[in-house]
Amino acid sequence: MGQLVSQPSVLFVCLGNICRSPLAEAALRAEAVAAGLAITIDSAGTGGWHAGEPPDHGAITEAARHGIDITGYRARQVRREDFQRFGYIFALDQQNLRDLRRIEPGGLLGRSTARLSLLMDMVPGREGTAVIDPFGGSAEDFAQTWTDVREAARYIVTRLGG
């Protein structure tokens with residue numbers, strides 16, 4: 001009888017889920033497809049004020065520059081069940097990581113099974129650094145965000161077996 005293998009799952013978290021985390025989600029989806037790796041991928045925000053909204057125009061434009069359509073993505077807020085649903089939860093900056101640790105379920109019931117860390121901890125030499133928040137910024141800011149999240153996505157795929 002074959003062994004049951006669970007599919008890796010990754011959640012990216014920023015503040016509003018309209019700039020950084022949707023770009024990280026798109027980058028990992030693209031890298032996983034290129035590597036032939038099946039991963040459950042999503043993104044969310046620690047704040048809920050953009051829930052249901054599409055990504056920021058700058059994020060949509062930057063993803064499109066790389067042949068990726070994220071217009072169908074919709075922002076959502078992190079939920080308690082995300083800490084059991086995802087094996088890896090990557091915060092895009094230190095404040096969001098602190099917020100995730102604050103809301104992470106504890107105790108015997110509803111205990112978190114996710115590994116929380118900063119996204120850039122995946123990139124050698126970038127540990128402890130944040131992905132810049134391009135919200136309200138220039139096209140160059142969104143391009144820098146893409147560069148960072150794509151680099152991290154490549155390391156995630158390597159680590160997960162791609």
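## Core, sheet and salt bridges

In this predicted model, the largest nonpolar core has 36 residues, of which Val-10, Phe-12, Leu-28, Leu-119, Val-149 and Ile-156 touch the most other members. At least two residues of this core come from each of strand 1, helix 1 (20-35), helix 2 (57-65), strand 3 (88-91) and helix 5 (139-159), and helix 5 gives the most, with seven residues. Leaving aside residues up to four places away in sequence, Ile-156 touches Val-10, Phe-12, Leu-28, Phe-90, Leu-119 and Met-122. Apart from this core lies another, of 13 residues, which includes Leu-11, Leu-97, Ala-114 and Leu-116. In soluble globular proteins, nonpolar side chains tend to be buried together.

The sheet is open and has four strands in the order 2-1-3-4, with parallel pairing. Its edges are formed by strand 2 (40-45) and strand 4 (115-118), each of which pairs on one side only, and neighbouring strands are turned by 20° against each other on average, direction ignored. Strand 1 (residues 9-14) pairs with strand 2 in the parallel sense over six bridges, and Val-10, already named among the core residues that touch the most other members, has Ile-41 of strand 2 as its bridge partner.

| Salt bridge | N to O distance |
|---|---|
| Arg-20 and Asp-93 | 2.9 Å |
| Arg-20 and Asp-133 | 3.7 Å |
| Glu-25 and Arg-29 | 2.9 Å |

The salt bridge between Arg-20 and Asp-93 links distant parts of the chain, with Arg-20 in helix 1 and Asp-93 in the loop between strand 3 and helix 4 (94-103), 73 residues apart; both residues are buried. Arg-20 also forms a salt bridge with Asp-133, and this pair too links distant parts of the chain, Asp-133 lying in the loop between strand 4 and helix 5, 113 residues apart from Arg-20. Here Arg-20 is buried because its relative accessible area is 2%, whereas Asp-133, at 43% relative accessibility, counts as partly exposed.

The pair of Glu-25 and Arg-29 lies within helix 1, where the two residues are four apart and therefore separated by about one helical turn. Glu-25 is buried, with a relative accessible area of 5%, while Arg-29 counts as partly exposed at 34%. Elsewhere, a network of salt bridges links Asp-42, Arg-76, Asp-82 and Arg-85.

Definitions and conventions
Residues numbered from 1 in each chain as written. Predicted model: local features only at pLDDT ≥ 70, side-chain atom pairs only at ≥ 80, totals over all residues. Heavy atoms only, no water. Pairing = 2+ DSSP bridges. Axes fitted to C-alpha atoms, helices over the stretch in contact; angles between N-to-C directions. Core = buried A, V, L, I, M, F, W, Y, C linked by side-chain atoms within 4.5 Å. Buried < 20%, exposed > 50% of the residue type's maximum accessible area, 1.4 Å probe, protein only. Contact = heavy atoms within 4.5 Å. Salt bridge = Lys/Arg side-chain N within 4 Å of Asp/Glu carboxyl O.
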